[in-house]
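Subject: Structure handover

Hello,

Here is the structure I promised you. Please open it and keep it beside this email as you read.

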Amino acid sequence: MTRPPTAGTDVPLEQHRLAALLGALEAPAPSPAGGSASALAAAMGASLVVLACRASTDWDDAPGIAAQASTLRDRLVALAEEDVRAYAAALEALDAASGAGGGRDRMLGLALEGAADVPLAIARAAADVAELAALAATAGKPTVRPDAVVGAMLAEAAAASAAGLVEVNLATLPQDERCTQGRAHAAAAREARDRAYEAEP
């Protein structure tokens with residue numbers, strides 16, 4: 001059987017998987033999109049925290065920080081998948097709302113409200129990653145502190161992006177507590193990123 005041209009043996013499997021992920025981000029909905037990208041960015045930030053901790057053998061708190069970062073990484077990967085499902089459910093609800101007559105606006109609002117919960121969870125987890133990255137940048141081994149700083153920057157961007165999605169989904173409910181929470185997570189991540197950056201040698 002002839003191999004397809006794209007199945008070159010000189011390309012690592014991980015690169016095929018990354019290419020598939022990037023292709024999925026480019027595909028029409030329902031597919032991974034902004035929420036999933038935010039979650040995965042924060043997950044990469046968490047992995048950089050683990051890297052910094054594992055290299056910082058003289059830092060007593062490093063193993064505990066690494067364990068927390070690993071847990072957050074796994075949570076964020078799960079949230080990336082959950083965001084796709086939540087968005088698909090919202091699209092189905094929107095389709096149903098198109099034939100709902102006078103109840104369309106209500107059904108539309110409910111669909112988008114439900115879709116706001118996952119990005120809020122992403123923003124929260126990303127803010128936690130940024131905090132751990134700031135700790136690693138401050139107390140970790142100097143040679144890997146720049147990696148912790150990058151982790152904080154990725155997490156801060158993820159928190160801000162996810163918080164923005166919360167507000168988009170709750171555009172008809174700007175006073176919803178989830179909008180306030182999302183902004184708070186984004187602000188906390190930004191503050192942690194600043195501390196990480198200031199700690200860089």
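Below is what was found in it, from the overall fold down to one residue.

First, the ground rules. This is a predicted model, where local features need pLDDT of at least 70, side-chain atom pairs count only at pLDDT 80 or more, and totals for chains, interfaces and linings use all residues. Residues are numbered from 1 along each chain as its sequence is written, and side-chain values use heavy atoms, with hydrogens and water left out.

**Overall fold**

The protein has six helices and zero strands. Helices (H or I, at least four residues) and strands (E, at least two) are DSSP runs, numbered from the N terminus. Buried residues make up 38% of the 201 residues. Buried means under 20% relative accessible area, with a 1.4 Å probe and protein chains only. Now take contacts (heavy atoms within 4.5 Å). Among those between residues at least 6 apart in sequence, 72% join residues at least 24 apart.

**The cores**

A nonpolar core is a set of buried Ala, Val, Leu, Ile, Met, Phe, Trp, Tyr and Cys residues joined through side-chain atoms within 4.5 Å. The largest one has 44 residues, and Val49, Cys53, Leu76 and Ile122 touch the most other members. Helices H2 (34-55), H3 (62-97), H4 (104-139), H5 (145-169) and H6 (177-199) each supply at least two residues of this core. H4 gives the largest share, 14 residues. Leaving aside residues up to four places away in sequence, Val49 touches Ile65, Ala69, Val129, Leu132, Ala133 and Ala136. A second, separate core has five residues, including Ala116, Leu120, Leu170 and Cys179.

**H2 against H5**

H2 and H5 pack at an angle of about 160°, with axes 8 Å apart. Axes are lines fitted to C-alpha atoms, for helices over the stretch in contact, and angles run from 0 to 180 degrees between N-to-C directions. The pair is therefore roughly antiparallel, a label for angles over 145 degrees. Among the residues that meet are Gly34, Gly35 and Ser38 in H2, and Asp147, Ala148 and Val150 in H5.

Is Asn169 buried or exposed? Asn169 is buried, with a relative accessible area of 16%. This residue lies in H5. The Asn169 side chain reaches the backbone oxygen of Ala115 at 3.2 Å. Not counting residues up to four places away in sequence, Asn169 touches Leu112, Glu113, Ala115, Ala116 and Pro119.

Best wishes

Definitions and conventions
Buried < 20%, exposed > 50% of the residue type's maximum accessible area, 1.4 Å probe, protein only. Polar contact = N/O pair within 3.5 Å; in protein donor to acceptor, adjacent residues only side chain to side chain. Parallel < 35°, antiparallel > 145°, perpendicular 65-115°, else oblique.
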